[in-house]
Amino acid sequence: MSQMEKKAGLLRRTSSSKKPLKEKVVLMYDEIFSKEDPAKNNPRFWDELFLMKVNLEYLESKLESVDGEEVQRIQDNINSLFHHCIQALGEEHQIKVVNALQTLCALFRGVHQKNKSASGFDIINVLMGFDKAEQRMKDLMERLDSLLCGDGSESLKSLCLKLLLCLVTVTDNISQNTILEYVMINSIFEAILQSVNPYIVKLSIVDDEPTLDGMGMVVHQALTEYNRQYKDKEEENQGGFFSTLTSMVGSMFIADADEKLSVQTNEAILLALYEAVHLNRNFITVLAQSHPEIDIAATPATPTPTTPTTPLGTTPPSLDMMSNPELPLDPNLQTSNLLITFLKYASIVMQDTKDEHRLNSARLCLIILTCIAEDQYADAFLHDDNINFRVNLHKMPMRHRKKAVDKNIPSRPLVCAVLDLMVEFIVTHMMKDFPMDLYLRCVQIIHKLLCYQKKCRIRLHYTWRELWSALINLLKFLLSNETTLLAKHNIFHLALLVVNLFNMFITYGDTFLPTSNSYDELYYEIVRMHQVFDNLNCMVLRVSTNTGQWKEAASKVTHALVNVRAIINHFNPKIESYAAVNHISQLSEEQVLEVVRSNYDTLTLKLQDGLDQFERYSEQPKEAAFFKELVRSISLNVRKNVSLNTLSQDVLLKEFSTIS
């Protein structure tokens with residue numbers, strides 16, 4: 001049977017001379033699309049319609065195909081169909097409810113598709129009529145609220161959510177979706193928990209612990225599933241001929257390997273996490289709640305009561321284990337939380353930013369980490385030396401380093417994992433298509449964490465030399481690619497942020513570095529890599545003394561380098577003198593450190609103001625364009641992937657028969 005025959009609901013040909021038969025539901029749709037009232041000759045028309053299995057394709061294509069005059073002629077019938085769909089949502093017969101929900105989806109999608117190709121076409125008027133639109137949408141939202149909060153089946157609730165997804169994603173640009181105005185007026189926040197936007201206002205004041213925990217669990221499960229899929233693909237690609245060939249020829253096939261390991265990103269769930277973290281301080285506590293690290297997908301499902309334990313049935317089997325007082329205390333059982341799961345997710349999506357979706361995901365991950373780094377409660381948890389975790393971040397395959405073994409990862413405060421993630425990004429993304437925005441966010445996150453450590457005098461035991469080395473190599477990259485990068489980016493702003501990180505360590509390091517040796521090592525690294533700082537100083541002097549668009553930006557870097565240059569100019573002659581006196585051609589690290597320790601007293605530094613100050617994150621107006629495009633992308637993806645045909649009536653009938 002051809003695709004067109006399927007759309008038309010053709011059943012079979014009785015003979016070569018006869019026309020194929022049509023499904024009854026298709027004949028009933030045809031009556032709706034005629035001028036006459038379909039209930040005029042059949043008072044039970046609407047009751048019978050919602051007992052018929054919906055033919056989504058036919059109904060949508062029929063709506064798309066009618067011309068302007070036909071729309072005017074059949075508008076009353078479409079209004080009536082919309083009205084009777086809403087009425088059917090209140091029926092006790094749940095098959096009618098399901099069919100009404102699917103019919104509404106087809107109506108919203110079909111009418112909006114028609115709107116794309118027709119000018120002067122008003123969606124609200126065609127669907128429900130101007131004079132009755134407000135009441136119709138109020139009734140619809142109330143029915144959906146009732147269904148979502150009631151004791152109905154999970155499949156039915158899932159279909160309600162799919163209808164809402166259809167409703168909000170029918171247009172590419174969400175601000176052009178006129179039906180959304182009615183959704184804003186008739187809030188059903190308590191049922192779905194998803195400008196003054198009433199949903200945003202309510203999300204910002206939620207303080208109900210079970211509700212917040214439920215939101216966290218939904219996000220946690222989605223991110224855990226992504227991490228699990230990636231890990232499975234990673235294990236599939238380990239060993240064998242391909243792996244051997246890759247190692248033989250170096251990095252030639254690294255990109256291909258990454259493609260094989262790619263898993264479709266989930267910007268929608270990240271956006272939900274962002275809104276919760278950004279808008280609601282109470283949600284920060286959810287990030288920190290610890291539980292055993294159990295693979296949800298691998299945990300066998302236990303029998304559950306027919307009445308769902310949560311409105312959306314989001315409680316995973318492992319929750320019972322978490323709340324069980326007899327849970328065995330296995331010393332090898334690793335504990336986890338939503339923040340750890342998010343960091344692992346971020347370490348995957350931030351590896352490859354060439355793809356637009358992964359770039360958006362990486363940017364959103366860094367925005368979320370920015371919000372977390374600015375929150376006092378989150379910072380306190382991140383830096384708590386009594387709460388340590390072993391976080392196995394994913395790292396980009398590189399020739400010069402071996403893959404870390406899970407057992408070798410130390411158990412540390414979570415802030416170390418955040419810093420590791422930032423260092424990993426800095427080291428692995430110095431490339432021609434330079435992701436400047438992501439680098440700026442990375443460096444700013446590090447700065448905010450240092451500000452907290454300085455303020456609270458937290459001496460974090462971290463491998464600071466890895467961070468210093470990464471930052472110096474970043475400056476070296478900016479210098480080596482000055483001409484190419486300046487054509488697209490203000491590299492002086494990033495250079496200024498990096499230099500000021502060193503100024504933070506120089507000026508306040510004695511208050512937050514773990515030992516005096518760490519402070520000595522800082523000076524050692526600056527002196528050892530003095531050529532990079534010397535070259536940077538020459539470059540910014542050259543640019544700042546000439547007229548041009550970067551003059552002011554370059555001069556700021558010149559001023560910021562004053563203490564770094566003072567350290568280099570102070571210690572270099574003394575190191576050279578020490579080598580000459582002792583007849584040593586090349587000093588060891590310990591010998592250089594000895595010179596540094598012996599000559600602090602004569603070093604003069606300038607006090608620089610504002611190093612421990614930062615501009616707090618603000619969504620408007622800086623991020624408005626990003627979120628507008630992100631929501632458009634999510635909307636397109638949801639509209640493409642949301643499936644309305646997944647519920648067969650056989651399955652539903654079986655499911656409904658078990659509901660008491």
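K454 is partly exposed in this predicted model, with a relative accessible area of 22%. Its side chain meets that of D612 in a salt bridge, at 2.6 Å from N to O. K454 lies in helix α23, whereas D612 sits in the loop between α31 (589–598) and α32 (624–641), so the pair ties together parts that are 158 residues apart in sequence.

A salt bridge also joins the side chains of D437 and R363 (2.7 Å, N to O). This pair links distant parts of the chain, 74 residues apart: D437 belongs to helix α23 (residues 436–456) and R363 to helix α20 (residues 356–374). D437 is partly exposed, at 27% relative accessibility. R363 is buried, at 16%.

D520 and R597 form a further side-chain salt bridge, with an N to O distance of 2.8 Å. D520 is in helix α27 (residues 516–528) and R597 in helix α31; the two are 77 residues apart. D520 counts as buried, at 5% relative accessibility. R597 has a relative accessible area of 34% and is partly exposed.

Salt bridges also link R465, E521, E525, R528 and E589 in a network. The structure holds 28 salt bridges.

Contacts of a leucine were examined as well. L536 lies in helix α28 (residues 530–544). Its relative accessible area is 3%, so L536 is buried, under the 20% cut-off. Leaving aside residues up to four places away in sequence, L536 touches L475, L479, A495, V499, V557 and L561. L475 is 61 residues from L536 in sequence, yet their C-alpha atoms are 7.6 Å apart in space.

Terms used:
Residues are numbered from 1 along each chain as its sequence is written. This is a predicted model: local features need pLDDT of at least 70, side-chain atom pairs count only at pLDDT 80 or more; totals for chains, interfaces and linings use all residues. Side-chain values use heavy atoms; hydrogens and water are left out. Helices (H or I, at least four residues) and strands (E, at least two) are DSSP runs, numbered from the N terminus. Buried means under 20% relative accessible area, exposed over 50%, partly exposed in between (1.4 Å probe, protein chains only). Contact means heavy atoms within 4.5 Å. A salt bridge is a side-chain nitrogen of Lys or Arg within 4 Å of a carboxyl oxygen of Asp or Glu.
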